[in-house]
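Subject: Structure for you to look at

Hello,

Here is the structure I said I would pass on. Please open it first, then read the notes below it.

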Amino acid sequence: MRGNLTLPAAGAHGTSVSWRSHKPRLIDATGIVHRPAPGAGPERVKLTAVVTRGRAAARRTFTASVPELPRKQAYTGYAMSYFTGEGTADGEQIRMALSRGDDALHWQELNGGEPVLTSDLGTEGLRDPFIIRSPEGDTFYQIATDLRMYGGTGGSWDQVQRSGSRSIMVWESEDLVNWTDRRLVEVAPETAGNTWAPEAYYDEELGSYVVFWASKIYAADDPEHTGSTYNRMMYATTRDFRTFSEPAVWHDPGYSVIDSTVVRHDGGYYRFTKDERNPSSDTPCSEFITVEKSRELTSGAYDFVADCVGKGAVERGEGPAVFKSNTEEKWYLLIDEFGGRGYVPFESTDLDSGRWSVSTGYALPAGARHGTVLPVTQEEYERLLGAYAVG
């Protein structure tokens, strides 16, 4: 048990479930896991479920192994997970790349530039991949949009927002190379027409991951989703990317927004989102990135920081990915110039300023679009480099 557990409180046939732990300092009755310190070795914990219905009761005991925490290691490079678009048969599958050492602007493609993960579930397409490292440091989750548009197989863009997938694709890994337990998990409500660009951030106060995505939400009395609506950002919480809370609206400014991503700094959460409105003289920042800030991740009221980010440098932009430099007080922002160059890098030394300048002299993976950049340790870097041919 590497992270917090989802312990059910109810079962089938009207039963209720309560939990007891014989070592609550390691796993408490709510499923919060406190792993032993590095070097302390693993410990075993007995969890007992008591299932009741009326006067009837039954018990079952489970034994969990709780490994020690990994030792902290410095980050010495970056890994990127991305897709390349619907223009080729394998463009909507997941590719990976590695930075050249600690240089965030120069990259080498892994697996000879071929996909490292493909899908045979759902639509059999993968877009907008996102990797999150667990707070303990030694588990990774990768999630992606379940959508395939190549050759018109998924239908029109309008159709896939009315009757598209309400699920996200999920994998788990302990080493960034071997991805297991692939699964489609339904997260959006029945009133949703699509589930786009899922991302996640761990909320320490909640003890859970907050997973967020864009959905068009239709009226409850419109089950065929024939009406008019717009994308808004939704969220749900999870401890294990298997069991999710009921979805809720996270960001709804009254017009279409998609592709939110979050970075935390100095106790604040900075949210970067694409303004999806059609450009006009009244909406000069449409199809560019808006930045907001909040002290609470799931707040419905973020404060404005900047808009029009990317304008003048890219023709239009979406799929922002933001990450901090491993070596200096600087942040990088990748903006996907969809229909154009794909990812274009920007940089800033002050998140509160809202000012981002275009990077120069960069060499990103060919055709890289909406994905993730993840800081990695030297051990993780070398493992990826050894597992895949470099393109």
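In strand β9, the bridge partner of Thr-145 is Ile-168. Keep in mind that this is a predicted model.

Strands β8 (residues 140-146) and β9 (residues 167-173) run antiparallel and are joined by six bridges. Both belong to an open sheet of four strands, in the order β7-β8-β9-β10, with antiparallel pairing. β7 (126-133) and β10 (180-186) stand at the edges with a single partner strand each, so one side of each has no neighbour in the sheet. From one strand to the next, the twist averages 20°. As background, strands of a sheet pair through backbone hydrogen bonds, and the pairing can be parallel or antiparallel.

Next, the aromatic rings. How many aromatic pairs does a search of the whole structure find? The search gives 13. One of them is Phe-212 with Trp-250, a tilted pair with 4.7 Å centre to centre and 40° between the planes. This pair links distant parts of the chain, since Phe-212 is in strand β12 (residues 208-216) and Trp-250 is in strand β14 (residues 248-251), 38 residues apart. Are these two residues buried or exposed? Phe-212 and Trp-250 are both buried.

Trp-250 also has a charged residue over its face: Arg-271, at 4.6 Å from the ring centre. In another such arrangement, Lys-324 lies over the face of Trp-331, at 5.5 Å from the ring centre.

Finally, one aromatic cluster is formed by Tyr-141, Tyr-202, Tyr-209, Phe-241 and Phe-244.

Regards

Key:
Residues numbered from 1 in each chain as written. Predicted model: local features only at pLDDT ≥ 70, side-chain atom pairs only at ≥ 80, totals over all residues. Heavy atoms only, no water. Pairing = 2+ DSSP bridges. Helix = DSSP H or I, 4+ residues; strand = E, 2+ residues; numbered from the N terminus. Axes fitted to C-alpha atoms, helices over the stretch in contact; angles between N-to-C directions. Phe/Tyr/Trp six-rings, centres within 6.5 Å; stacked < 30°, edge-to-face > 60°. Buried < 20%, exposed > 50% of the residue type's maximum accessible area, 1.4 Å probe, protein only. Lys NZ or Arg CZ within 6 Å of the ring centre and 35° of its normal.
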